[in-house]
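Welcome! Open the model in your viewer, keep the selection tool handy, and follow along stop by stop.

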Amino acid sequence: MDLIIDALGVKLGKRTVLSDVSAHLRPGRVTAILGPNGAGKSTLVKAAAALVDHSTGSVRLDAQDVASMDPRARARAIGYLPQDATVHWNIVARDVVALGRVPHLGAHAAPSLEDYAAVDRAMHDTETEHLADRPVGELSGGERARVLLARVLAGEPRWLLADEPLASLDPSHQIDLLARLRGYALGGAGVAIVLHDLVQAQRAADDALLLADGRVVAFGPVAEVMTAETLARVFGVRVAPLEDGDRRLLVPVGRIKAA
Amino acid sequence: MTRTLKLIALGLLVILLFGLSLGCGKVWVPASAWFSGDPRWWIIVELRLPRAVLGLALGATLGLSGAVLQGYLRNPLADPAVVGVSSVAALAAVAAIVFGLGSGPAIFAAAMLGAGGAVALLAALTWRSPSAITFILAGTVLSSLAGALTAFLISIAPNPYAVAEVIDWIMGALTDRGWDDVTLALPPMAVGAALLMLTGRSLDALALGEAAARSLGTRMGRVRLLVVLGTGLVVGAGVAVTGVIGFVGLVVPHLLRPIFGHRPSALLLPSALGGAALVLAADSLVRLAPGAGEIRLGVAMAMIGAPFFLGLLVRERGRAWI
């Protein structure tokens, strides 16, 4: 199921946040959504999940218009992992993960065996089974991030949209979380992640969608989009190459003064 | 102990307190005098039974609406007063008293009209943005405006008797409530409670924040409608027959969270039972207090509630999930 963003424009109040954004995202791959602060990355992800209204264009899952889908059907198709990792009540981890099944439950029906199995699988895949009975307020940042990821995975969405999931994680947990998101994409789902860390983006993503000022600067395979020249132009940073095995990563090492 | 066992225990407590509420007062009616020709039995049937039924319904709906509002607003300090419905209902009832529209049914009708008006205003004020913040702001505006207007009405009251009646009514009590009050109040309370019970799953989803809840298929407009209508009906009916009785909705979900867990939907039924238990216990206590008159239930509740509220603020300040 392809996620097709077509000439999308979004206004928040009177401010135009996105204009004429087009991208054809494919499943089985990880797409990194990149751009400087205020480029409209979070808004793009929210618009793709129909959490903010768009003023022009459309977002489609294959031929289906996302905005006009039934909210529950949409929730089953598109999982959204918000930037804000707070859980407002001190609920036990397993109950948090089970929330991912909400769009699959009948109006007032109890969860089925299938729902329990999906929760178990998600907790297994994120290695959070041992946290099941712990209240989320007592978990470390890394543990909580894995529990919240399990929450999205439990819904078994065809598309997973994550908004800056690495914020407040240490490097080892960042690498771990990206590897799990990548694993989900390899299972056949589509994954799009808003990222700030350019190095992690090169490591984890297949494609990159580069935004600036609400417009698409470049979209395509990571190696083609994330060149020293483009990064300098969009982010105003100087990059240095870093050899990692057989891979060559570009690492931001300094700021270029505005011309 | 499993959840079912805990619920049964809480239910038994409510039944026990209901029985106690029938038995105690200035005249103690022992169980041996029940269902007999004993004249004390008529004290139960005509005076204490309607009062206990009202206390049960009032406590249950206050506890339930408190649990729903705390879940909806994701704020453990929310209670039915936050919505402003009780203040507006009280304002309308006070207006009815001050302008001498009569008593009993007239005051009830005025309070329900006030609650309905408050609900309509609240819906209108939050129409464009169905978010929790707008809801709190609108409720706060409504309740302070209603408070000011109530004070104004008292200041222009035509005679000291009207003032005394208003003050007597505002303080909130179950004293001398009869079967006609029960028949007026129960239907709106039942409908409102049913609406509130429908919000459980959405409240759980809201624990992840509004955006995540919506991404899970939660329709915020529907939840808001259920919350506004449900609270309007139960709080309006409650204020209409008993005056303003606060703190039940705030205190009860808090007492029960350590026992039933923090998941909002898991707290709805326990909070209804807990609220009923608290009001029945408090109403029995005010009747037993020495002295010629009774302590007003609303006053007693505020005296228990206020220190609790303060302790809550101090203890829970700065915790991650607030």
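Which residues of chain B does UniProt place in the feature "transmembrane region"? The unreviewed entry gives residues 49–69, 81–101, 107–125, 132–156, 225–255 and 295–314 of chain B. Keep in mind throughout that this is a predicted model.

**Stop 1: two of those spans**

Select residues 107–125 of chain B. This span is 100% helix and 0% strand, and its end C-alpha atoms lie 26 Å apart. Now select residues 81–101 of chain B: here the chain is 67% helix and 0% strand, with end C-alpha atoms 26 Å apart.

**Stop 2: helix α1 of chain B**

Next, select residues 3–23 of chain B, which form helix α1. Its 21 residues reach 30 Å from the first C-alpha to the last, close to the 30 Å expected at 1.5 Å a residue. Colour B:L10, B:V14, B:L17, B:S21 and B:L22, the buried residues of this helix. Then turn the view to look down the axis of α1(B): the buried residues fall within an arc of 145°, so they line one face of the helix.

What do the buried residues of α1(B) pack against? Show α2 and α12 (264–288) of chain B, and you have their packing partners. On the face turned away from the buried side, pick out the exposed residues B:T4, B:L5, B:I8, B:A9 and B:L12. Just after α1(B), stop at B:G25, which takes a positive phi of about 155°.

**Stop 3**

Select helix α2 of chain B, residues 39–73, and find B:L62 in it.

Not counting residues up to four places away in sequence, B:V68 touches B:L196, B:T199, B:L203, B:V227, B:G230 and B:L268. One of these, B:L203, is 135 residues from B:V68 along the chain, yet their C-alpha atoms are separated by 7.5 Å.

**Stop 3: helix α10 of chain B**

Select residues 220–242 of chain B to see helix α10, with 23 residues reaching 32 Å from first C-alpha to last, close to the 33 Å expected at 1.5 Å a residue. How many of the residues of α10(B) are buried? The count is 18 of its 23, so this helix is mostly covered. Just after α10(B), B:G243 takes a positive phi of about 80°.

**Stop 4: where the two chains meet**

Now show both chains. Their contact takes 22 residues from chain A and 21 residues from chain B. On the side of chain A that touches chain B, helix α2 (residues 71–77) of chain A gives the largest share, four residues. The residues on that side of chain A divide into 13 nonpolar, four polar and five charged.

**Stop 6**

Select residues 3–238 of chain A, where UniProt, in an unreviewed entry, places the feature "domain: ABC transporter". The span is 35% helix and 27% strand.

Next, colour chain A by its assigned domains: domain 1 (3–223) and domain 2 (227–259). Their C-alpha centres lie 27 Å apart. The contact between them takes nine residues from domain 1 of chain A and eight residues from domain 2 of chain A. On the domain 1 side, α7 (198–204), β9 (207–212) and β10 (215–221) of chain A each supply at least two residues, and α7(A) gives the most, with four.

**Stop 7**

Most residues other than glycine have a negative phi. Select A:A7 in strand β1 (residues 3–12) of chain A: it is not a glycine, but has a positive phi of about 50°. A:A7 counts as exposed, with 12 C-beta neighbours inside 10 Å.

Finish at A:D62, in the loop between β4 (56–61) and β5 (64–65) of chain A. A:D62 is not a glycine either, and has a positive phi of about 50°. With 9 C-beta neighbours inside 10 Å, A:D62 counts as exposed.

Technical notes. Residues numbered from 1 in each chain as written. Chains lettered and ligands numbered in written order. Predicted model: local features only at pLDDT ≥ 70, side-chain atom pairs only at ≥ 80, totals over all residues. Contact = placed C-beta atoms within 7 Å. Nonpolar A, V, L, I, M, F, W, Y, C, P; charged D, E, K, R; others polar. Expected span 1.5 Å × (residues − 1). Buried ≥ 20, exposed ≤ 12 C-beta atoms within 10 Å, placed from the backbone. Arc of directions from axis to C-beta. UniProt positions renumbered as here; feature names shortened; annotations may be inferred. Domains from an automatic or database assignment.
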